[in-house]
Amino acid sequence: MQTLEERAQRYASKAHAAADQRRKYTDEPYIVHPAAVVELVRSVSDDEEMLAAAWLHDTVEDTGSTLEDIRSHFGERVASLVEMLTNRGAVAGQNRTARKLAHFRHTQQASADAQTIKLADIIDNTRSIIHFDPHFARVYLIEKRVQIRLLTAGHAALHQMAEQVIEQGIAQLGQPPHNVPPHWFEQQEEKYHL
């Protein structure tokens, strides 16, 4: 008989494959991202429902799965964690800054367990974006710097790791060949008034 985590891994693998979802920069099957998030979460917790939610954290946002599907297959707590991690989507007429601020406030209200999963998600995505898309990383890193300041209930070790990855990325973009001046990052961050 499969564990809850094994069932979540299989469900997420099938859902992302059915949506033909791939990693943006590498074209790998999308499930490599939830797998990386799970391993980061596993480094600080052996809570099986958290690990299941880590596998499933993008299914409602990115596939045909609904929260009701997650609830019926994995129970209330896993569905609740996934809901806290799901971006509620754009409101008509909102610019990127407004959309991101709304999402940051949503994750700020999440439980400590959901925030821990979100920190793992940020760590894995940040590593990829810095490596594959330094131009977009300039904006993304500032957004993530603002967001992790709000994720104070998440696990301290993952919070520290997320902060390190973000700050190292910003420092890297300030060096050749990118040469982004520090004031550019400061101006970008001023857009996100919370």
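**Close-up views of a predicted model**

**View 1. Packing of helix H1 against helix H3 in the predicted model.** The axes of helix H1 (residues 4–18) and helix H3 (residues 48–56) come within 8 Å and cross at roughly 5°; since angles under 35 degrees count as roughly parallel, H1 and H3 are therefore roughly parallel to each other. On the H1 side the contact is made by Leu4, Glu5, Ala8, Gln9, Tyr11 and Ala12, which meet Glu48, Glu49, Leu51, Ala52, Trp55 and Leu56 of H3.

**View 2. The largest nonpolar core and the surroundings of Phe74.** This core holds 53 residues, of which Val41, Leu56, Ile70, Phe74, Val78 and Ile117 touch the most other members, and its largest share, eight residues, is contributed by helix H8 (residues 112–132). When neighbours within four places in sequence are left aside, Phe74 is in contact with Leu4, Arg7, Ala8, Tyr11 and Leu56.

**View 3. The salt bridge between Arg77 and Asp47.** The closest N and O atoms of this pair are 2.9 Å apart, and the bridge links distant parts of the chain, with Arg77 in helix H6 (residues 76–85) and Asp47 in the loop between H2 and H3, 30 residues apart. Arg77, at a relative accessible area of 28%, and Asp47, at 22%, are each partly exposed.

**View 4. The salt bridge between Lys118 and Asp121 within helix H8.** Here the closest N and O atoms are 3.0 Å apart, and the partners, three residues apart in the helix, are separated by about one helical turn. Lys118 is buried at 9% relative accessible area, and Asp121 is likewise buried at 6%.

Terms used. Residues numbered from 1 in each chain as written. Predicted model: local features only at pLDDT ≥ 70, side-chain atom pairs only at ≥ 80, totals over all residues. Heavy atoms only, no water. Axes fitted to C-alpha atoms, helices over the stretch in contact; angles between N-to-C directions. Helix = DSSP H or I, 4+ residues; strand = E, 2+ residues; numbered from the N terminus. Parallel < 35°, antiparallel > 145°, perpendicular 65-115°, else oblique. Contact = heavy atoms within 4.5 Å. Core = buried A, V, L, I, M, F, W, Y, C linked by side-chain atoms within 4.5 Å. Buried < 20%, exposed > 50% of the residue type's maximum accessible area, 1.4 Å probe, protein only. Salt bridge = Lys/Arg side-chain N within 4 Å of Asp/Glu carboxyl O.
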